[in-house]
Amino acid sequence: MFDPDIAPSGTLLGLLQRGRGDGTLHALAAPRAEALAALHHCVLRDPRRDWQVENRSLYYARLCLDLDAGLDEIEQHLFHPDDLVNDDEERTGLALSVLGHLAAYGRSDALRLLRRYAAAGSNWEWALDELALRDDDTGLRGLAPAILAHFPRTPDGDAELAAVVRGAYEPRPWRLWADDPDHGPRVRAAAERGAFDRWQRQLRPSGPRPGWSVHDILLWAQREHDLKPDARRPDAAARCLAAVAGPEDRPELLAAAASAPDAARAAALRHLAEIGDPEVLDLIEAAVTEPDASQLVSQAALSAFERMRSIAALDRARVWAHRPDALGDAAAAMLSCRGGHYDAPLVLAALRRTVRAEGPDAQTLWTLVDGAGRLTISCAAPVLRHIYRETASSHLRGRAARALAATDPSFAAGFAVECLWDCEESTREVAARHAATADARVVEQLRRLAADPAEEAEVQTAVRSRIGPETPGF
């Protein structure tokens, strides 16, 4: 993930970067040159905070069609000299996905550009996946020589080819090439080697194995953490403790959760939280609030608390929710997910406090926004509207839209209208169920979504629930 430079939400560029429906509507009303400049800025400089989960490609592809945009800028970006030295997927992934959607809409120039990049670009695997979904068999077969040329006929090249074939996201091209008289023997050999390597790893697992006692598991967790701090051994150790720990081991586990070295302490805290030990809540509080507690221990304590499902944990959350620290955030999140309507003031207070202190993009807002909607906190609507407008996360904006649908009577005639053009399909689904059809744009967009083969099935189901023989305006 990375932190892109996001323009203010009131600008055309800022709206498009966020993937808001208003971005499309403003782009269509703006001078074409200005709209195209903002669109190309977004496609060539991926604005997503997490490009692996946030959607933008279909949103930008649809706007390319509406603006009748050419592909010269995308072509220059893909074949820029930077492509020879920078093979990071996030540099070209969004542009390739936009080309894939344009090819699916019948843009032959996009299909040709994808083929060219798959044959010569550094991120050829992404381009090949896009073509696997959109190109015909003849076009894919023609790429075999260029793709296989990436792998020299050496032991290392064959091993790399086997790994690529085994991990291919879309296997269709490889299956076609396996039947090719010229390239089939090598592709089939790579596929067989990949299957054999997978079987060998399953037969002979090479991972570390702790001894089969509580003491041994705690020692193993700490030793492995010291060797590989990023390996998350405390989580694995906690799962092992669930299999071997008995009532007689409770004193040792309590002592470890209170003062053991970091990794062993984290494993003991998680295990005690999972079995609902009556002393674990005090141990969690101590682990989070101790001045000299490590980040590993405090994060493990918070994670252990968030996983708890007991009434005692919920009661303790009501006590901790007033705290202006990480423990208070975790408590408010628990009340958002599992609290009752009498917990609404605590959730609302945490929501307001988080927005004031951390802004509209704080990760802790996700659960709080969901809680405001689940508990139908009508007083939260102004804060939710602020988050909706300002956040750069399309996922958080979608959560805010769902919460507004439950808390804001003006949502159907307001934000729900623009949500029909949103970049996230879940947000478009919410809009399809709530947008007021008195607006002529709503009726037209609902018809377009219902007929668009690229639209998600859930969105089209929501649209069809609104469209019927007796529906006014349809």
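**Helix packing in a predicted model**

Biologist: Is the crossing of helix 4 and helix 7 left-handed or right-handed?

Modeller: Helix 4 crosses helix 7 in a right-handed sense (the near helix is turned clockwise from the far one by less than a right angle; anticlockwise is left-handed). This is a predicted model, in which local features need pLDDT of at least 70 and side-chain atom pairs pLDDT 80 or more, whereas totals for chains, interfaces and linings use all residues. Residues are numbered from 1 along each chain as its sequence is written, and side-chain values use heavy atoms, without hydrogens or water.

Biologist: What angle do those two make, and how far apart are the axes?

Modeller: Helix 4 (residues 57-67) and helix 7 cross at roughly 55 degrees, and their axes come within 8 Å (lines fitted to C-alpha atoms over the stretch in contact, with angles from 0 to 180 degrees between N-to-C directions). The two helices are therefore oblique to each other.

Biologist: Which residues make the contact?

Modeller: From helix 4, Ser57, Leu58, Tyr60, Ala61, Cys64 and Leu65 take part, and from helix 7, Leu94, Ser97, Val98, His101 and Leu102; contact means heavy atoms within 4.5 Å. By class, eight of these residues are nonpolar, three polar and none charged (Ala, Val, Leu, Ile, Met, Phe, Trp, Tyr, Cys and Pro are nonpolar, Asp, Glu, Lys and Arg charged, the others polar, including Gly).

Biologist: And Arg107, where is that?

Modeller: Arg107 lies in the loop between helix 7 (89-104) and helix 8 (108-120).

Biologist: Buried or exposed?

Modeller: Arg107 is buried, at a relative accessible area of 15% (buried is under 20%, exposed over 50%, with a 1.4 Å probe and protein chains only). Its side chain reaches the backbone oxygen of Ala69 at 2.9 Å. Apart from neighbours within four places in sequence, Arg107 touches Leu65, Ala69, Gly70, Leu71 and Leu102. Leu65 and Leu102 also belong to the contact of helix 4 with helix 7.

Biologist: New topic: how do helix 20 and helix 22 pack?

Modeller: Helix 20 (residues 295-307) and helix 22 (residues 326-338) meet at about 15 degrees, their axes 10 Å apart. That makes helix 20 roughly parallel to helix 22 (under 35 degrees is roughly parallel, over 145 roughly antiparallel, 65 to 115 roughly perpendicular and the rest oblique). Their crossing is right-handed. Leu302, Phe305 and Glu306 of helix 20 meet Ala326, Leu327, Ala330, Ala331 and Met334 of helix 22. Seven of these residues are nonpolar, none polar and one charged.

Biologist: What about helix 22 with helix 24?

Modeller: Helix 22 and helix 24 (residues 365-374) cross at roughly 35 degrees, with axes that come within 8 Å. This crossing is left-handed. The residues involved include Ala332, Cys337 and Arg338 of helix 22 and Thr367, Gly371 and Arg374 of helix 24.

Biologist: Which residues of helix 9 are buried?

Modeller: In helix 9 (residues 124-134), they are Trp124, Trp126, Ala127, Leu128, Glu130, Leu131 and Ala132. Among the elements covering them are helix 7, helix 8 and helix 12 (155-166).

Biologist: Finally, how many helices and strands are in the chain?

Modeller: The chain has 30 helices and zero strands (DSSP runs numbered from the N terminus: H or I of at least four residues for helices, E of at least two for strands). Of its 474 residues, 50% count as buried, and the C-alpha trace spans about 70 × 65 × 45 Å along its principal axes.

Methods: A polar contact is a pair of N or O atoms within 3.5 Å; within protein, one must be able to donate a hydrogen and the other to accept it, and residues adjacent in sequence count only if both atoms are side-chain atoms.
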